[in-house]
Amino acid sequence: MSTPLTPIPNISKPVYKRIVIVGGGFAGLKLAQKLSHTGYQVVLLDKNNYHMFQPLLYQVATAALPPDAVSFPLRRAFHKTPNVIFRMAVVQQIKKEENLLLTNLGTLSYDYLILSQGASTNYFGNANVHKFSAPMKSTSEALYIRNKIISNYERAVNIADPEERKPIMNVVIVGGGATGVELAGSIAELRNKVLPKDYPQLSFQNMRVILIEAGPCLLAGLKEKSRDKALEYLQKLGVEVMLHTMVTDYDGFTVQLKDKPSIKTVTLLWAAGIKANTLEGITEDQKAPNGRLLVNEFNQLKGSENIFVVGDQCVLIDEKYPKGHPQVAQVAIQQASNLANNLKYELKGKPWKPFKYRDLGSMATVGKSMAVVDLPFVSFRGFFAWFVWLFVHLMAILGVRNKLEILLTWAWKYLSFDPSLRLLIRPRYVKEFKRKWMTEEPDYEI
Ligand SMILES: Cc1cc2nc3c(=O)[nH]c(=O)nc-3n(C[C@H](O)[C@H](O)[C@H](O)COP(=O)(O)OP(=O)(O)OC[C@H]3O[C@@H](n4cnc5c(N)ncnc54)[C@H](O)[C@@H]3O)c2cc1C
């Protein structure tokens with residue numbers, strides 16, 4: 001990726017100070033929204049021109065929701081906020097001494113820099129798993145999984161030998177967190193209720209849905225009763241759950257496991273871990289051993305005056321959270337809110353307030369009428385939990401159009417149990433000279 005060393009064109013000099021925000025995810029978007037209509041010039045940069053609602057990506061991957069329902073155009077959020085400028089740019093490097101960012105569009109100077117680049121998939125150094133498995137951190141990756149699953153059955157239906165068909169029909173998911181559990185439940189529902197109608201010539205008893213977790217339980221952050229119930233729900237749907245199981249290798253066809261027999265599948269979905277994103281110019285002493293950037297209670301990057309980090313990318317160690325806060329949306333949103341308030345206090349000459357996390361609880365859904373919810377003072381499971389899960393996610397999604405689209409799609413699915421999105425819309429070959437703008441940038445890696 002080339003880095004032009006001229007300033008990004010058409011961004012005027014700020015009247016007062018310029019705040020540059022890198023990443024329009026949960027934290028970056030909240031910051032830019034809260035800093036609109038202030039004396040600052042705010043420049044928001046993201047490698048995509050849309051915000052992704054990651055908690056519902058698994059529904060895109062399993063053909064339950066269209067990709068545009070869980071993605072929101074960033075430019076639309078700033079139609080009436082002249083002090084906020086958006087650019088689709090991949091940020092590559094910080095030159096701290098010069099207060100300068102280097103991006104694929106050119107350079108950009110800042111008075112305050114806020115990093116909210118989130119995290120990317122962690123393969124724990126396993127190059128083969130990286131090469132052959134499918135991650136699910138973005139809308140385009142979720143769409144890839146949808147295409148992969150549907151194309152498997154379009155392929156399988158033309159294979160005469162049932163033994164040869166099995167690896168094409170099996171789906172293995174790695175990672176027993178909310179993403180793995182939700183994906184496994186949703187794929188099992190497709191297998192049980194939907195795919196047999198589309199492919200009556202295939203026997204779906206031959207399709208295995210396997211969820212692998214290295215640790216002793218699923219949904220490690222939830223209460224024991226909720227964890228047990230989620231396991232029970234998955235087993236009811238016919239998911240084979242393998243706890244205490246380590247994936248050691250994968251060649252695109254066989255999943256090798258430590259001390260256990262291997263599994264044949266062409267579809268390995270990797271939801272086993274994340275690692276914080278970073279940039280050139282961040283020094284090793286500014287990172288925790290797991291790569292998250294070290295910040296203080298004001299989200300100020302270690303050893304820096306005017307650089308802040310919020311959300312999944314940072315770690316704030318305090319008495320209550322000695323390993324840092326969980327990498328979830330609420331932490332990102334609350335940190336962004338607190339930092340935006342502090343930057344507004346700065347304009348008024350008021351003192352800054354330290355960040356304090358308010359845990360609102362956790363939840364996960366496994367399938368229709370099956371969910372678990374742990375709130376700070378009460379836990380519940382089953383149909384009511386599922387209803388609460390639906391309501392909370394519907395309220396959290398951005399945009400009235402997206403809310404309506406999701407509500408109607410869910411209502412249709414509930415009544416008919418036949419999501420109508422099993423389309424195989426494959427990307428057309430993009431000629432090399434056109435790729436720059438037509439293919440998504442890979443994660444920026446140092
Ligand atoms: C599949 C999935 C399901 C999840 N489910 C839940 C859930 O149910 N509940 C929950 O609380 N949390 C959930 N999470 C976690 C939650 O999504 C994250 O904690 C949250 O998104 C963190 O917000 P953030 O702003 O730090 O990062 P993100 O929301 O990830 O945003 C980062 C942004 O930075 C941009 N970016 C990255 N690098 C660059 C670069 N070099 N240049 C320009 N832009 C860049 C990205 O495009 C992205 O828009 C889920 C995550 C995933 C992946």
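Helix axes here are lines fitted to C-alpha atoms over the stretch in contact, and angles run from 0 to 180 degrees between N-to-C directions. With that in hand, helix 6 and helix 7 (residues 224-236) pack at about 25 degrees, their axes 9 Å apart. This is a predicted model, in which local features need pLDDT of at least 70 and side-chain atom pairs count only at pLDDT 80 or more, while totals for chains, interfaces and linings use all residues. Residues are numbered from 1 along each chain as its sequence is written. Helices (H or I, at least four residues) and strands (E, at least two) are DSSP runs, numbered from the N terminus.

**Domains**

**Around the ligand**

- The ligand is surrounded by 33 residues, where a residue is near a molecule if its C-beta atom, placed from the backbone, lies within 6 Å of it.
- The closest are Gly23, Gly25, Gly118, Gly311 and Val328.
- Because domain 1 and domain 2 both give residues to this shell, the ligand lies between them.
- At least two shell residues come from each of helix 1 (26-34), strand 2 (41-46), helix 6 (178-198) and helix 8 (329-348).
- By residue type, the shell holds 14 nonpolar, 15 polar and four charged residues. Here Ala, Val, Leu, Ile, Met, Phe, Trp, Tyr, Cys and Pro count as nonpolar, Asp, Glu, Lys and Arg as charged, and the others, Gly among them, as polar.

**Helix packing**

- Helix 6 and helix 7 are therefore roughly parallel to each other, a label for angles under 35 degrees.
- Helix 6 passes helix 7 in a left-handed crossing, meaning that the near helix is turned anticlockwise from the far one by less than a right angle, with clockwise giving a right-handed crossing.
- Helix 1 and helix 8 pack at about 30 degrees, with 8 Å between their axes. That makes helix 1 roughly parallel to helix 8.
- For helix 1 and helix 8 the crossing is right-handed.

**UniProt annotations**

- An unreviewed UniProt entry places "domain: FAD/NAD(P)-binding" at residues 18-336; such annotations may be inferred rather than shown by experiment.
- Residues 18-336 are 28% helix and 25% strand, and the end C-alpha atoms are 17 Å apart.
- The unreviewed entry's "transmembrane region" covers residues 383-400.
- Residues 383-400 are 83% helix and 0% strand, with end C-alpha atoms 26 Å apart.

Note on methods: Domain bounds come from an automatic or database domain assignment. Angles under 35 degrees count as roughly parallel, over 145 as roughly antiparallel, 65 to 115 as roughly perpendicular and the rest as oblique.
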